[in-house]
Amino acid sequence: MAETRNPNPMSRTDVVDAYFLEHRAKLLDIAAFLDRVDRADHGTDGPEDFRITAMRNALQVLDDDQGERARRVLELMSDETTDLVDTAPGKGACGTPPPSTDNGA
Amino acid sequence: MTYIDPHIHMVSRTTDDYRRMALAGCTAITEPAFWAGFDRSSPQGFFDYYRQLTETEPARAALYGIKHHCWLCVNPKEAEDPGFAREVMSLLPKFLEEPNVLGIGEIGLNKNSKNEMAILEEHLAFAEDRNQLVLVHTPHLEDKRKGTLLIMDAIANTKLQPDRVLIDHVEEHTVADVLDRGFWAGMTLYPETKCTPQRAADIIEIFGTERLWMNSAGDWGDSDPLAVPKAIVELRRRGHSPETIRKATLENPKTFLGQSPRFDAGDA
Ligand SMILES: [Zn+2]
């Protein structure tokens, strides 16, 4: 864990008091989103969408008590390759490496 | 409290945004050249954009007492055609003469492609030759960490001093590397795809305020020109000192940008 340079002056209880309801709502958003995906018409019986798989993996990070969760979730959703690609495949990004990116993991 | 927003795309914003920013305490801004949401069809399109950045926006900002500065380049999203990018780059020397231009930016990578890197390296060489400050755009989402590392390696191959380069759009997985290598780091406060005011405050708690600033990068997409004052409120709500807040939102931008004699912080 990185050394904390400018400690948050709030107590742990203050932090929970200030932010719990907001993040309880965000948790419910994720729960409802996953339910929505389940309810949607499958279309094909292919494998689970890679973005949902990435989200499930990220949810495990939230609960493993190893700290630095934000950094680790971002790393989990990062392209781990190191070579330049031959041509830019469009301009956008989708939030987590698509299956075509060999992430070594 | 007065503040500087060192990265915002006012060509995409309304005059009412200038008014609201001024009311919130903004005294100076810097506007990097970026992708307009569509590919320009000719170098002439960039010529007109550079005129907008060097003539129109400073005049619009002045109506609200805000000092406007800009950075010029071909952004990485329009660098996939190197021939076209080089034609546009040939316009840069003329526009660098304009009094509100602080340097080269926002250059960088978008999809981490070979052509993007070739044009990035040419911009870096251009900045090196003319002793320009550099503002770097790092890629989005899954491409960010890889791109940030590739960009820092490319800069390390030049004679550019890290303390004259700001690497923007850092998040929790890139900020440590950027600061450890001696660069300045910018946190972009976007509602969805980059950093929220709360996470920016968290990063300041963990990493301190040395060589770190924040910006709204307000543009034509989902963004908020008042994101910096909202982060100020977040830091204040947590009980951080006025000195800490002032350093991140005013003194640091003044220190980095003040390396250009053209920078004017306004009433700050
Ligand atoms: Zn930008």
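**View 1. Salt bridges across the interface of chain A and chain B.** Three salt bridges are found across the interface of chain A and chain B, a salt bridge being a side-chain nitrogen of Lys or Arg within 4 Å of a carboxyl oxygen of Asp or Glu. A:Asp86 pairs with B:Lys114 in a salt bridge, with 2.5 Å between the closest N and O atoms. This is a predicted model, in which local features need pLDDT of at least 70 and side-chain atom pairs count only at pLDDT 80 or more, while totals for chains, interfaces and linings use all residues. Residues are numbered from 1 along each chain as its sequence is written, chains are lettered from A and ligands numbered from 1 in the order in which they are written, and side-chain values use heavy atoms, with hydrogens and water left out.

**View 2. Area buried between chain A and chain B.** The contact (heavy atoms within 4.5 Å) takes 38 residues from chain A and 35 residues from chain B. The two chains bury about 3,000 Å² between them, 55% of it on carbon and sulfur atoms; buried area is the accessible area (1.4 Å probe) that two parts lose on being put together, summed over both. Of the area that chain A buries against chain B, 25% comes from A:Asn6, A:Leu84 and A:Lys91, more than from any other three residues.

**View 3. Helices H5 and H6 of chain B.** H5(B) (residues 114-129) and H6(B) (residues 144-156) pack at an angle of about 40 degrees, with axes 10 Å apart. Helices (H or I, at least four residues) and strands (E, at least two) are DSSP runs, numbered from the N terminus. Axes are lines fitted to C-alpha atoms, for helices over the stretch in contact, and angles run from 0 to 180 degrees between N-to-C directions. The two helices are therefore oblique to each other (under 35 degrees counts as roughly parallel, over 145 as roughly antiparallel, 65 to 115 as roughly perpendicular, the rest as oblique). B:Met117, B:Leu120 and B:Leu124 of H5(B) make the contact with B:Leu150, B:Ile151, B:Ala154 and B:Ile155 of H6(B).

**View 4. Helices H2 and H3 of chain B.** H2(B) (residues 43-62) packs with H3(B) (residues 82-89) at an angle of about 40 degrees, the axes being 9 Å apart. In this contact, B:Pro43, B:Phe46 and B:Tyr50 of H2(B) meet B:Phe84, B:Glu87 and B:Val88 of H3(B).

**View 5. The salt bridge of B:Glu78 and B:Arg40.** The side chains of B:Glu78 and B:Arg40 form a salt bridge at 2.8 Å, N to O. B:Glu78 lies in the loop between strand S3 (67-72) and H3 of chain B, and B:Arg40 in the loop between strand S2 (26-32) and H2 of chain B, so the pair ties together parts 38 residues apart in sequence.
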